[in-house]
Amino acid sequence: MRQMSLTSELVALCHREEADPGPDGSWTQLNDDDFRTLALRLSDEADEGPLWVFAYGSLIWKPAFESVERQRATAYGWHRSFCLDMVRWRGSVAQPGLMMALERGGRCDGVIYRLPEGEKPAQIERLLRREIDDHESIGSVRWVPVRTAQGMLRALGFWVGVTGRGTSLNQPLEKVAGVLARACGHVGSGAEYLYNTVSHLEEFGIRDRNLWRLQRLVADEIRSIHGHVETSAQSVSAVPIT
């Protein structure tokens, strides 16, 4: 693994206790019937065979589902982007944050997980309940063609092609770094999210050029906020936060 500029010590400086403000009332929450209906539709659209899930961010290091196989895969026509505005989870109203989605253009190297044999609608519904909670997010769930060492297949992707309210697309990395170095919500900070993603991508041998530059910018930004910080981890390989 390459040495990261963003270290666990720097990430720790970004943490603070934040209360969960709860769902934003301006979004239309999904109910049980909505989840079941969406899961059935996606299941009907699925290919024959096992259910695959495409992971490019937190699903790599915190999948929250059982899998029986994982392998590298590439989605063409998409790239990682910190473009989801967050005032909950890893941001707050006082200091909004950003989380990743897939924007159009380029390529995204990630990981696909094969789920155990089972009822696809039930499996998909569990995934939906983890990833989305409002009607406005439904359009970001889609089947994504990915290339693997064995050929092409389709995997279920989340937060793909986001648009409209709640998104800030095509932001310069310098601006994103300023947000991630400051934002924290009740589940953790933006810096922690970036740190975990980059370090786990490294474990798979995936080198995302933009994220690698971004982690360096965030490290510099944290030092500028808290003063120059010398850490023992600056001279060693990154150790993922769990």
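Trp61, Phe82 and Tyr193 form one aromatic cluster, where rings of Phe, Tyr and Trp (its six-membered ring) pair if their centres lie within 6.5 Å. The search of the whole structure finds four aromatic pairs. This is a predicted model, in which local features need pLDDT of at least 70, side-chain atom pairs count only at pLDDT 80 or more, and totals for chains, interfaces and linings use all residues. Residues are numbered from 1 along each chain as its sequence is written, and side-chain values use heavy atoms, with hydrogens and water left out.

**Aromatic pairs**
- The Phe54 and Tyr56 ring centres are 6.3 Å apart with planes at 35 degrees, so this pair is tilted (planes under 30 degrees apart count as stacked, over 60 as edge-to-face and the rest as tilted).
- Phe54 and Tyr56 are both buried (under 20% relative accessible area, 1.4 Å probe, protein chains only).
- Phe65 and Tyr113 pair edge-to-face, with 5.6 Å centre to centre and 85 degrees between the planes.
- Phe65 and Tyr113 are each buried.

**Charges over rings**
- Arg2 lies over the face of Trp212, 3.8 Å from the ring centre (CZ of Arg within 6 Å of the ring centre and within 35 degrees of the ring normal).
- Arg165 lies over the face of Trp27, at 3.7 Å from the ring centre.

**Cavity**
- One cavity of 30 Å³ or more is found (on a 1 Å grid over the protein atoms alone, a set of points where a 1.4 Å probe fits but cannot get out).
- Residues lining the largest cavity, with an atom within 4 Å of a point, include Arg2, Asp208 and Trp212.
- This lining divides into five nonpolar, no polar and four charged residues.

Conventions:
On a 1 Å grid over the protein atoms alone, a cavity is a set of points where a 1.4 Å probe fits but cannot get out, and a pocket is an open set with protein on both sides within 12 Å along at least five of seven lines; lining residues have an atom within 4 Å of a point. Grid points are joined across faces, edges and corners, and a volume is the space filled by probe spheres set on the points. Ala, Val, Leu, Ile, Met, Phe, Trp, Tyr, Cys and Pro count as nonpolar, Asp, Glu, Lys and Arg as charged, and the others, Gly among them, as polar. Buried means under 20% relative accessible area, exposed over 50%, partly exposed in between (1.4 Å probe, protein chains only).
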